[in-house]
Amino acid sequence: MLEKTASSPVSVNEYLRELASRLKSAEEANEDLNPLKLGVLLGIKQLSAARILAYLLRYPDTIHSHEVLAARLGFSPRSVVVYMSHLRSALAKIGMRHLVRVSYKSGYFIMIEDATQFREMIAVKDDAKAA
């Protein structure tokens, strides 16, 4: 992490850029939940929608508000609503619209059982594409 020293103070913007960079690196390190890979396997045209899906799958059984998703993924809260619409449409095409659930006035979440089943489905689908 960036540290403030007497000779080189760190600005808030530099700190936030470093934090965003580390978050992005951690997101890409989890290979089975790579947003690009998820997008290709599921036919999700918006990479941002696939990023939301990957994030929700990483933290199942946790309600994430628009504001939290926006802050963690670098979107505006309104963009989260738009990308979530794209995501739910893509999931509906493969019969999994129920995967992402809504908690009224709280946010979105994925149940742990659904996340486990979805990860297994992705692994099988990925193995079939590799063969």
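Asp-114 and Arg-101 form a salt bridge, with their closest N and O atoms 3.1 Å apart; the term denotes a side-chain nitrogen of Lys or Arg within 4 Å of a carboxyl oxygen of Asp or Glu. The pair links distant parts of the chain, 13 residues apart: Asp-114 lies in helix H6 (residues 112–130) and Arg-101 in strand S1 (residues 101–103). Helices (H or I, at least four residues) and strands (E, at least two) are DSSP runs, numbered from the N terminus.

The model is predicted: local features need pLDDT of at least 70, side-chain atom pairs count only at pLDDT 80 or more, and totals for chains, interfaces and linings use all residues. Residues are numbered from 1 along each chain as its sequence is written, and side-chain values use heavy atoms, with hydrogens and water left out.

**Salt bridge**
- A search of the whole structure finds one salt bridge.
- Asp-114 is buried, at 10% relative accessible area, whereas Arg-101 is partly exposed, at 30%.
- Buried means under 20% relative accessible area, exposed over 50%, and partly exposed in between (1.4 Å probe, protein chains only).

**Helix H2**
- In helix H2 (residues 35–42), the buried residues are Pro-35, Leu-38, Gly-39, Leu-41 and Leu-42.
- At the start of H2, a side-chain oxygen of Asn-34 comes to within 2.8 Å of the backbone nitrogen of Leu-36.
- Gly-43, which follows H2, has a positive phi near 75 degrees.

**Helix H3**
- Helix H3 (residues 47–58) has 12 residues, which should span 16 Å at 1.5 Å a residue; its end C-alpha atoms are 16 Å apart, in agreement. The expected span is 1.5 Å times one less than the number of residues.
- Because 11 of its 12 residues are buried, H3 is largely enclosed by the rest of the structure.
- Ser-48 belongs to H3 and is buried, at 15% relative accessibility.
- Residues up to four places away in sequence aside, Ser-48 touches Phe-75 and Tyr-83; contact means heavy atoms within 4.5 Å.

**Nonpolar core**
- The largest nonpolar core has 31 residues, and those with the most contacts inside it are Ile-52, Leu-53, Leu-87 and Phe-118. Such a core is a set of buried Ala, Val, Leu, Ile, Met, Phe, Trp, Tyr and Cys residues joined through side-chain atoms within 4.5 Å.
- Two or more residues of this core come from each of H2, H3, helix H4 (66–73), helix H5 (77–93) and H6.
- H3 gives the most to this core, with eight residues.
- Apart from neighbours within four places in sequence, Ile-52 is in contact with Leu-73, Phe-75, Val-80, Tyr-83, Met-84 and Leu-87.

**Aromatic pairs**
- Rings of Phe, Tyr and Trp (its six-membered ring) pair if their centres lie within 6.5 Å; planes under 30 degrees apart count as stacked, over 60 as edge-to-face and the rest as tilted.
- By this rule there are two aromatic pairs.
- One of them is the tilted pair of Tyr-55 and Tyr-59, at 4.9 Å centre to centre and 50 degrees between the planes.
- Tyr-55 is buried, at 4% relative accessible area, while Tyr-59 is partly exposed, at 40%.

- Most residues other than glycine have a negative phi.
- Asp-61 has a positive phi near 60 degrees; this residue is in the loop between H3 and H4 and is partly exposed, at 49% relative accessible area.
- Lys-105 also has a positive phi, of about 60 degrees; Lys-105 is in the loop between S1 and strand S2 (107–109) and is exposed, at 74% relative accessible area.

Methods:
Polar contact = N/O pair within 3.5 Å; in protein donor to acceptor, adjacent residues only side chain to side chain.
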